[in-house]
Amino acid sequence: MSSPSRPASGAAETSQRPRGGGALYGSGLRTLSIATVAVMTLGLALVFFYAPLEAEQGFLQKIFYVHVPLAIVALGGFVIGGLLAIQHLRTRDPRWDMRSYVAIHMSLIFGVGALITGSIWAKGSWGHWWVWNEPTLVSFLIVFLLYATYQPLRFAIEDPERQARYASVFAITAGAFVPMNFIAVRLSTAYLHPRVLGGTSSLPGSMALTFMVCLAGIALLFATLCKYELTAKHTRAQVRALRRRLAGESATTQARRPRSAAPTLNPAATMSARAAGRPG
Amino acid sequence: MRRTVAALLRKELLVELRTLESVPGMSLFAVTTFVVFHFALNRSSVEGDLASGILWVTLLFAAILGVNRLFVADADQGGFDGFLLAPVDRSAMLVAKALTLLAYLVVLELVAVPAFALLLLGPPLGGAMPDLVGVLLLGDLGVAAVGTLVAALAVRTRARDLLGPLLALPLLVPIVIGGARATSPLFALAHPAGPAARWLLTLGLYDLVFGLIAYAVFDFLLED
Amino acid sequence: MSVPALEVEGLARHYGEREALSDVSLTLGAGQTLVVFGPNGAGKTTLLRVLASLLRPHAGEVRVLGSRLPDEAWAVRGRVGLLGHEPLLYRELTARENLRYHARLHGVGEERVTELLEAVAMTGRCNEPLRTLSRGMVQRVAVARAVLHDPLLLLLDEPTSNLDPAAVELVAPLIGRGSPRTRVICSHDPGGGLAQADLVLGLRAGRPALLRSAAQVTPSDIAELYR
């Protein structure tokens with residue numbers, strides 16, 4: 001996912017003509033990356049040079065422009081992971097499971113970021129590294145603890161098809177849990193967290209604009225990183241398939257791959273899925 | 001469907017009566033936990049929020065014990081295949097298992113609540129009983145639905161005893177929130193009151209949402 | 001019956017990136033017996049489970065008793081009987097209780113349970129928990145379970161491995177040569193297996209290495225598979 005990304009995406013584009021379902025094949029990756037960098041730079045500039053200093057909290061308040069978008073995008077990613085999992089169970093196409101896995105996996109990483117920045121903000125604003133009486137952070141912690149079991153769950157199932165299916169069931173249940181949990185926690189805690197989601201209209205124009213741009217930047221970053229991961233996984237799977245074909249008859253004696261929590265794409269299987277006319 | 005659920009229930013209860021694996025363990029665990037709480041908190045009686053919290057946490061952990069055992073006999077003795085080969089609606093297994101877990105929880109509470117009143121609870125229960133029963137029942141429905149789903153998820157994995165609780169505890173947090181908040185006015189020393197409507201609604205909403213979700217996804221867990 | 005019991009065309013099933021079954025095709029007429037040979041891990045059990053509708057085919061066409069899998073799997077259940085490595089019985093329940101449970105699932109009456117307990121000579125010990133019985137007795141009860149609902153197709157995975165010769169004789173009318181049902185048997189015994197077969201399938205690493213009518217197969221052909 002670091003430096004040799006441009007050549008890799010180019011190679012993926014030319015060697016595999018996408019037949020629809022382009023998210024796996026690296027097409028558009030370059031555009032997306034450029035867009036992400038552009039919007040994030042703009043967002044940073046706005047945060048430091050345009051948005052006004054907030055009266056009570058001072059400079060530390062600027063972390064809000066990172067913390068809240070991270071949290072929103074992470075939660076959105078979890079819910080999207082659930083929706084993608086529904087598609088997987090409906091069509092049985094393993095590519096949906098791959099997308100669901102990447103979305104959840106990426107949301108978990110963004111979630112760590114949200115928790116850390118939230119903790120820093122809490123320390124700066126209220127003097128404690130953790131506060132219980134602001135519902136967004138608390139319900140986020142619970143959701144995070146739940147999704148932290150996603151990879152151990154996958155890792156504990158060896159049969160790849162069953163692993164994907166069980167993971168999808170989990171993703172759907174957990175996706176429905178996100179809003180439910182939010183409601184329950186919100187009801188139960190005294191309202192302390194500065195109202196952000198419902199109240200962007202109450203933010204002064206300059207702050208609202210900065211916030212929106214940062215949100216867009218982080219959302220684009222999420223999408224780009226997901227696409228990178230999907231492309232990388234697919235490319236690796238294709239390389240493995242080619243190697244197997246080269247090895248020929250000795251394919252049965254190849255070293256068994258170690259158990260993994262990540263879904264593996266079987267290009268032969270996905271192509272036969274397409275040939276059988278299944279949607280995807 | 002009803003016939004299948006009945007057949008499954010009969011089998012469940014027969015196995016449980018023969019092995020006594022779940023219910024006695026859950027009940028004993030709850031009573032022991034109350035004793036542990038007495039020593040850990042160094043209190044002879046609790047009331048209000050604290051009482052409510054102790055009761056719900058204990059019930060939750062005891063429920064997890066039951067959840068862990070729920071599908072073990074089927075997974076280990078090939079019961080899934082036997083069921084999957086029959087020309088029946090597969091959701092019957094979810095209904096039967098959830099009803100079984102619900103039954104276990106009710107028996108658990110029949111033991112744990114009097115034990116709690118005896119050992120730890122300060123204020124007398126008397127008039128609060130009907131309200132308490134209502135809240136417990138609402139909570140039990142949610143635990144039964146989610147517990148069955150998590151049990152089926154965890155049973156055919158490698159670390160089944162670990163994954164069950166790890167999955168179940170976060171998922172059941174809204175029940176703890178709703179249940180504990182609802183019962184804390186019942187246990188108040190001064191001015192005991194009824195449960196607030198919003199918590200009952202929270203519990204009810206949770207039961208509905210997760211009941212539907214469990215019904216929708218459960219079949220996918222049964223396949224090989 | 002003009003509809004063949006089994007029509008399999010290009011069946012494939014993978015386990016991650018490994019092919020558990022690939023390119024398996026065969027047709028089996030009603031009332032005939034297919035015997036499947038092959039070393040461990042060759043895919044025999046996988047094939048049986050696909051035919052039982054317990055596993056979905058990943059590619060190819062499979063028709064069991066005229067119904068297509070996996071779309072019409074619901075039509076196949078209840079007409080197929082599986083006897084695998086696991087007896088699919090609860091150890092804490094008695095033979096009678098186990099059979100009664102399966103009978104209720106399949107909508108079969110109590111008389112059939114009694115009838116089968118007699119057929120496998122388990123009436124005497126039918127009220128003791130299965131965990132107190134020997135492996136051979138449990139296997140006999142498992143045989144009873146497999147044919148309880150009078151299936152048209154029997155899928156047997158080394159069915160006589162736990163039975164002594166007397167017991168094998170006992171269950172022959174139910175699952176052996178004397179049975180009128182269509183059968184698919186996985187076997188490691190070339191002599192005995194060939195004797196029962198109408199059609200022979202040899203699997204190696206998931207691929208069909210041998211598919212011929214039994215008359216054209218010799219024990220040495222089967223020994224080749226295991227090399």
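C:Glu158 sits in the loop that runs between β7 (153-157) and α6 of chain C. Its phi is positive, about 45 degrees, even though C:Glu158 is not a glycine. Most residues other than glycine have a negative phi, and most peptide bonds are trans. Keep in mind that this is a predicted model.

**Another backbone detail in chain C**

- C:Leu69 and C:Pro70 are joined by a cis peptide bond, with omega at about -5 degrees.
- You'll find C:Pro70 in the loop between β5 (67-69) and α2 (73-76) of chain C.

**Chain C as a whole**

- Chain C has eight helices and 10 strands.
- Its radius of gyration is 17 Å, close to the 17 Å that the globule rule gives for 227 residues, so chain C is as compact as a globular protein of that length.

- Chain C splits into domain 1 (1-79 + 152-227) and domain 2 (89-150).
- The centres of domain 1 and domain 2 of chain C, taken over C-alpha atoms, are 25 Å apart.
- Where the two meet, 10 residues of domain 1 of chain C are in contact with 12 residues of domain 2 of chain C.
- Which helix gives the largest share of the domain 1 side? Helix α6 (residues 165-175) of chain C does, with five residues.
- That side of domain 1 of chain C is made up of seven nonpolar residues, two polar ones and one charged one.

**A helix pair in chain C**

- Two packed helices are described by the angle between their axes and the distance between the axes.
- Helix α3 (residues 95-106) and helix α5 (residues 135-147) of chain C pack at an angle of about 20 degrees, and their axes are 10 Å apart.
- An angle under 35 degrees counts as roughly parallel, so α3(C) is roughly parallel to α5(C).
- The crossing of α3(C) and α5(C) is right-handed.
- On the α3(C) side the contact is made by C:Ala95, C:Asn98, C:Leu99 and C:His102, and on the α5(C) side by C:Val141, C:Ala144 and C:Arg145.
- Sorted by class, the contact of α3(C) with α5(C) has four nonpolar, two polar and one charged residues.

**Chain B as a whole**

- Chain B has nine helices and zero strands.
- Going along the sequence, the pattern of chain B reads α-α-α-α-α-α-α-α-α.
- The radius of gyration of chain B is 18 Å, close to the 17 Å that the globule rule gives for 224 residues, so chain B is as compact as a globular protein of that length.
- The C-alpha trace of chain B spans about 60 × 35 × 30 Å along its principal axes.

**A helix pair in chain B**

- Helix α2 (residues 23-41) and helix α6 (residues 91-119) of chain B cross at roughly 25 degrees, and their axes come within 9 Å.
- α2(B) and α6(B) are therefore roughly parallel to each other.
- Their crossing, α2(B) with α6(B), is right-handed.
- The residues of α2(B) that make the contact include B:Met26, B:Ala30 and B:Phe34, and those of α6(B) include B:Tyr104, B:Leu108 and B:Val111.
- By class, the contact of α2(B) with α6(B) has 14 nonpolar, two polar and no charged residues.

**Where chain A touches chain B**

- This contact takes 23 residues from chain A and 23 residues from chain B.
- On the chain A side, the elements that give two or more residues are α5 (135-147), α6 (150-155) and α7 (160-188) of chain A.
- α7(A) gives the most to that side, with 14 residues.
- The side of chain A that touches chain B has 18 nonpolar, four polar and one charged residues.

**Where chain B touches chain C**

- Here 20 residues come from chain B and 23 residues from chain C.
- α1 (2-19) and α5 (79-84) of chain B are the elements that give two or more residues to the chain B side.
- α1(B) supplies the largest share of that side, seven residues.
- The side of chain B that touches chain C has 10 nonpolar, six polar and four charged residues.

Key. Residues numbered from 1 in each chain as written. Chains lettered and ligands numbered in written order. Predicted model: local features only at pLDDT ≥ 70, side-chain atom pairs only at ≥ 80, totals over all residues. Domains from an automatic or database assignment. Contact = placed C-beta atoms within 7 Å. Helix = DSSP H or I, 4+ residues; strand = E, 2+ residues; numbered from the N terminus. Nonpolar A, V, L, I, M, F, W, Y, C, P; charged D, E, K, R; others polar. Axes fitted to C-alpha atoms, helices over the stretch in contact; angles between N-to-C directions. Parallel < 35°, antiparallel > 145°, perpendicular 65-115°, else oblique. Left-handed = near helix turned anticlockwise from the far one by under 90°. Rg over C-alpha atoms; globule rule 2.2 N^0.38 Å.
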